[in-house]
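Please look over the model below. My notes follow it.

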Amino acid sequence: MNAISWLKTLAGRQAVSAEAGSKHGRRIRRFRRISQVLFLSLFFFLLFQTEFRGTFDKTYSEIIRLKYPVSIFLEMDPLVAFSTAVSTHALYNNVIWALVVIAGTILIGRFFCGWVCPLGTISHFFSSFKPERKGKERVETNHYKKWMATKYYLLFALIALSLFTSLQTGLIDPIPFLVRSLSTGILPGINIALRKGLDYLYSSNVGVLQTLADAGYKVLSSSILSYKPQYYHYSFIIGMIFLTVLVLNRFITRFWCRGICPLGAFMGLLSRFSLFGMEKDHAKCDDCNKCIMYCQGACDPQGKVPWRQAECHLCFNCDSVCPNDVIRFKFFPKLETQSVNVLPDLKRRRVIESFAAGFVALPLFRSSLGLAKNRNDRLIRPPGSVEEEDFLGRCIRCGECMKVCPTNAIQPTLFEAGMEGLWTPMLVMRVGYCEYNCVLCSQVCPTGAIWKITEAEKLGKPAGADGSTGTSRKAKPIKIGTAFYDRGRCLPWAMDIPCIVCEEFCPTSPKAIWVLPEAVTRSDGTTITVQRPRVDVDRCVGCGICENVCPVQDRPAVYVTNIGETRSRTNQIRLESGAYK
Amino acid sequence: MSEDKANRREFLKRSSQAGLAALTATGVGLWLWSRNRHPQQELSAAQVRSYLVKVPQPAPAMVVVSGGSPGQLVVEAIRALGGMRAFVSRGDIVVLKPNIGWDRVPQQAANTNPEVVQKVAELCFDAGAQKVVVTDVSCNDPRRCFKRSGIASSAEAIGATVLLPEERKFRDYRLNGELLSVWPIYTPIVEADKVINLPIVKHHNLSRATMGMKNWYGMLGGRRSQLHQNIDVSIADLATFIRPTLTILDAYRVLMSNGPQGGNLNDVKLLKTIVAGTDPVAIDAFGATFLGLRAEQLPYLTIAHKRGLGNKNCDQLNVKNINLA
């Protein structure tokens with residue numbers, strides 16, 4: 001069924017081609033479709049709200065927070081909950097809500113896949129763009145295939161890794177995958193395209209077209225357009241991987257859901273005890289194969305074979321199209337083996353091999369340089385981040401922090417954090433900097449890799465204080481690194497030219513960057529007094545605004561490295577901040 | 001015989017089609033060749049933006065009001081200068097250019113006081129302004145600056161149009177400066193009938209002080225940090241390019257140290273003063289005294305004075321002092 005007739009049927013305007021299915025089934029199917037649309041809309045709404053848009057109302061507030069719980073899809077993801085529980089032996093903040101979905105799955109089955117999951121809905125939609133396949137070929141390609149067990153083996157390997165605090169599930173868990181792909185790949189690309197179009201209109205200098213461009217900006221900036229263009233490293237590859245996943249739906253319906261999704265696999269295992277399921281009246285089945293043609297999960301809905309409970313997405317397509325009323329979904333269905341297989345089809349040896357793969361990969365990750373020694377000096381983590389080993393056990397690479405950062409500073413790593421840390425966040429000061437009063441990244445992190453902090457904690461003031469000094473010696477600011485001068489490139493140091501933009505922009509008070517006037521003789525023999533900047537490393541918090549604004553922009557004369565970061569006990573210069581106080 | 005006619009018809013048809021295609025290709029080719037030139041941007045001619053109005057005499061050149069709330073200070077200052085109607089006409093588009101440079105709250109005195117901005121906007125509307133625009137090109141993230149400074153909410157509350165800086169609205173202008181030639185300028189600030197400068201008095205380690213003339217930094221885009229290499233001439237160039245209708249200097253709170261953004265409340269001094277007038281050089285010269293500086297200590301004032309942009313010797317001017325306390 002193609003996309004247009006799908007939408008029409010949703011509106012109740014067009015009958016399904018196989019009209020004679022059960023009315024009951026068709027009604028539930030309609031609810032399922034509405035549910036998919038609602039949750040997908042909610043997902044996109046929250047994604048667009050993961051940004052402080054600067055919309056102003058008449059009330060003043062000093063604290064900036066996002067209006068909506070934008071990370072809720074990630075927090076309710078059962079695999080995020082399970083894998084972080086395994087790697088950290090705890091559940092962070094809102095992740096407790098994932099228990100609702102887990103409980104629901106245990107009781108009902110994989111309703112999440114069919115009714116809620118945004119990547120599932122997107123895949124479902126793109127699956128309707130198929131080459132014309134008829135008859136036997138169409139039925140054949142939509143059957144359950146043995147390779148669909150791959151998602152379980154992937155899940156086991158990931159769990160094995162999580163057991164030893166290396167959290168890799170975020171790479172292919174569908175919710176983080178979708179958020180990351182859209183935030184760092186697809187949406188920035190769409191933004192650039194839209195802006196090019198609107199700016200072209202604006203640059204025409206024709207009044208009407210300029211008004212049109214302004215109107216376009218106004219309408220779109222509450223949703224798909226971000227305030228300013230966002231750029232991300234590896235945006236191309238992340239976007240292309242996502243588009244590939246979409247295109248694969250052209251060949252196999254819901255390719256991701258059936259073959260790759262570890263969350264689906266996890267929920268397939270959880271639905272073992274489901275109280276709700278399919279019952280078939282095998283005698284009535286006349287092998288018309290309509291159920292198989294429209295099946296989303298490849299769960300063998302046809303008569304005369306057992307139904308694969310672990311694969312079923314509860315889409316109700318089969319029930320809606322079966323002309324002989326073979327299929328019925330109910331609570332407490334019969335459990336005879338010819339009716340249902342509650343367990344997925346797994347080979348024991350493969351299962352053991354999957355766990356083994358995870359166990360073997362981890363020591364190889366850890367024996368590589370990068371975590372224990374020779375840490376990349378430019379790996380600057382967002383403020384509030386936990387110590388690196390804990391961080392790698394929590395970060396699901398969802399990209400929420402990258403999306404929300406107002407200066408676009410937070411970027412995905414490649415190998416700066418080792419292979420284990422692929423696409424975890426780091427700050428790149430040439431792109432943005434850490435806004436001194438901002439804690440938005442810590443507000444959106446679903447797993448506590450960036451622990452939630454307040455402005456007072458970040459600035460090192462006792463809570464509720466308004467900025468007076470000399471109160472508590474204990475309250476120290478959170479540092480993410482330290483700035484250093486390259487005196488061979490700095491204007492006052494190397495070229496005897498006045499500057500000190502860095503000092504101007506340094507946000508601490510007293511400023512971490514301070515200057516001393518020095519008389520110098522220039523190349524033409526004249527003398528001049530220049531102010532030469534230095535860093536007080538005890539005051540510096542590593543925010544990086546100095547590096548960001550330095551006029552020697554190709555390779556800044558002042559730059560930040562991660563030493564001095566308060567989250568690490570050992571990565572310190574100063575005795576006072578070290579581990580052995 | 002008819003066969004010949006048919007052949008001839010076909011001959012003509014095909015020849016004219018081929019000929020037309022060839023001519024079109026040649027014509028387009030020649031036209032493209034005529035456009036051959038090294039790619040470089042078109043620039044506007046030198047511009048000096050003057051929004052000065054003829055002020056009815058005898059008005060004081062400068063008014064210094066102290067000892068009230070920000071709103072009260074503004075009202076008294078404008079009244080002493082002759083009322084806002086002397087400066088704003090009915091139907092005007094007025095741009096207010098406060099300092100919204102930094103992600104700070106009003107108590108930290110890094111941005112113009114939001115109540116000052118609101119009162120000025122209110123007076124402009126009362127004088128018949130059709131539209132009052134409040135904008136600046138911030139140093140920190142503009143969304144945060146506009147919000148936490150309080151200026152966006154106070155301006156919205158009075159019905160002013162708050163504009164966040166947007167990339168497409170910068171255009172290169174040729175400034176008429178000694179040092180600054182071409183710079184991207186944020187066009188909403190200069191597309192107005194009247195422009196009112198609303199700076200705040202702050203310490204600045206490079207220029208010693210940042211007040212009214214340096215506030216024009218906020219209309220620049222591009223890599224404006226380069227201006228630091230010759231800050232005094234740059235400030236004078238900016239003040240040469242744009243001459244506001246009014247300057248209202250906010251000294252309600254003054255940032256005495258660690259400027260231009262401070263952060264610590266101990267850097268701030270509560271002075272409850274406003275200085276207003278039409279001479280930007282005189283106003284800056286007077287404002288320097290709040291920081292404990294003399295006009296001679298600010299080289300950019302001397303340069304501006306020499307260029308005839310104003311008078312840095314406040315004692316030569318008709319200054320009106322009002323104390324509301």
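This is a predicted model: local features need pLDDT of at least 70, side-chain atom pairs count only at pLDDT 80 or more; totals for chains, interfaces and linings use all residues.

1. Residues are numbered from 1 along each chain as its sequence is written, and chains are lettered from A and ligands numbered from 1 in the order in which they are written.

2. Chain A averages a pLDDT of 90 (the predictor's confidence in each residue, from 0 to 100). At least 70 is reached by 94% of the residues. Residues 13–18 of chain A stay under 50, with eleven contacts beyond four places in sequence. Residues 464–473 of chain A also stay under 50, with 16 such contacts. A contact means C-beta atoms, placed from the backbone, within 7 Å.

3. In chain A, the axes of helix α10 (residues 174–202) and helix α12 (residues 235–248) come within 8 Å and cross at roughly 105°. α10(A) is therefore roughly perpendicular to α12(A) (65 to 115 degrees). Axes are lines fitted to C-alpha atoms over the stretch in contact, with angles from 0 to 180 degrees between N-to-C directions. Helices are DSSP runs (H or I, at least four residues).

4. Which residues of α10(A) meet α12(A)? Among them are A:R180, A:T184 and A:P188; the α12(A) side includes A:I238 and A:F242.

5. Helix α8 (residues 280–288) of chain B is mostly covered, with nine of its nine residues buried (20 or more other C-beta atoms within 10 Å of the residue's own, all placed from the backbone). B:D284 is one of the buried residues.

6. Chain B has domain 1 (1–40) and domain 2 (46–323), with bounds from an automatic or database domain assignment. Their C-alpha centres lie 64 Å apart.

Conventions
Helices (H or I, at least four residues) and strands (E, at least two) are DSSP runs, numbered from the N terminus. Angles under 35 degrees count as roughly parallel, over 145 as roughly antiparallel, 65 to 115 as roughly perpendicular and the rest as oblique. Two residues are in contact if their C-beta atoms, placed from the backbone, lie within 7 Å. A residue is buried if 20 or more other C-beta atoms lie within 10 Å of its own, exposed if 12 or fewer, and partly exposed in between; C-beta atoms are placed from the backbone.
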